[in-house]
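The exercises below are meant to be worked with the sequence and the model side by side. Each task is followed by a solution that goes step by step.

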Amino acid sequence: MKNVGYLFLFAGFLLTSSYVEAKKRMKGDGMVAQNHLGIREVKAEALKDEMANNPNLVVINVLAKEYFNDAHITGSINKSLDNLDELLNEYSENTPLVVYCASYQCSASRDAYKKLVEMGFTNVRAYEGGMKEWLAKGFSHEGPAAKDYLKK
């Protein structure tokens, strides 16, 4: 019986350690970790660094063209949710893709992430802070950034 107790204690330690490590990856250095919805996320700083160092990275704004034209991350492309299937003809399944939308409150990047994974892409992440957070950090963008959602 004593050994069973130690076994449960050890199992609890392993589960807690894995949870804590995942949280550190999310909050600490911006490494990829899955959020509570199973979405692989990347933080703003890590995305900025990767964009500077990985020429194969494709960053995709999934908002409507009107919002993309108003403000988007420099170097990103625009593919709305309805047009994501076009990516199948443009990129291989293991191309590193990062999708983003307006902000944490916007669900478009989560929906795009799920759709791309269902389509067979294997290296997909979401930048959930979106354009609102990117601008707040003062990172490089294109467009006037005049839409109200960016100012609230």
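**Exercise 1. Find the bridge partner of valine 98 in β7, and then describe how the chain passes between the two strands.**

Solution. Valine 98 has arginine 125 as its bridge partner in β7; helices (H or I, at least four residues) and strands (E, at least two) are DSSP runs, numbered from the N terminus. The path from β6 to β7 leads through α5, and this β-α-β crossover is right-handed, a term that applies if, with the strands pointing away from the viewer, the path from the first strand over the helix to the second runs clockwise. The two strands, β6 and β7, run parallel and are joined by four bridges, where pairing requires that DSSP finds at least two bridges between the strands. A further position in this pairing is leucine 97, which stands opposite valine 124 in β7.

Before going on, note the basis of the values: this is a predicted model, in which local features need pLDDT of at least 70 and side-chain atom pairs count only at pLDDT 80 or more, while totals for chains, interfaces and linings use all residues. Residues are numbered from 1 along each chain as its sequence is written, and side-chain values use heavy atoms, with hydrogens and water left out.

**Exercise 2. State which part of the model has pLDDT under 50.**

Solution. The mean pLDDT (the predictor's confidence in each residue, from 0 to 100) of the protein is 84, and 76% of its residues reach 70 or more. Over residues 4-29, however, pLDDT stays under 50, and there the model has 13 contacts beyond four places in sequence, contact meaning heavy atoms within 4.5 Å. Where pLDDT is low, the predicted coordinates should not be read in detail.

**Exercise 3. List the buried residues of α5 and identify what covers them.**

Solution. In helix α5 (residues 108-118), the buried residues are Ala108, Ser109, Arg110, Ala112, Tyr113 and Leu116. Their cover includes β2 (40-41), α4 (87-90), β6 (97-100) and β7 (124-127). Leucine 116 itself, leaving aside its neighbours within four places in sequence, is in contact with Leu84, Leu87, Leu97, Val99, Phe121 and Val124. After α5 comes glycine 120, with a positive phi near 110°.

**Exercise 4. Which residues have the most contacts inside the largest nonpolar core, and which elements give two or more residues to it?**

Solution. A nonpolar core is a set of buried Ala, Val, Leu, Ile, Met, Phe, Trp, Tyr and Cys residues joined through side-chain atoms within 4.5 Å. The largest has 36 residues, and those with the most contacts inside it are Leu47, Val62, Val99, Leu116, Tyr127, Met131 and Trp134. Two or more residues come from each of α2 (44-53), β3 (58-61), β6, α5, β7 and α6 (130-136).

**Exercise 5. Decide how the buried residues of α2 are arranged around its axis.**

Solution. The buried residues in α2 are Ala44, Ala46, Leu47 and Glu50. Seen down the axis, they fall within an arc of 160°, so they line one face of the helix; the arc is that of the directions from the helix axis to the C-beta atoms. Ala52 and Asn53, on the other side of α2, are exposed.

Methods: Buried means under 20% relative accessible area, exposed over 50%, partly exposed in between (1.4 Å probe, protein chains only).
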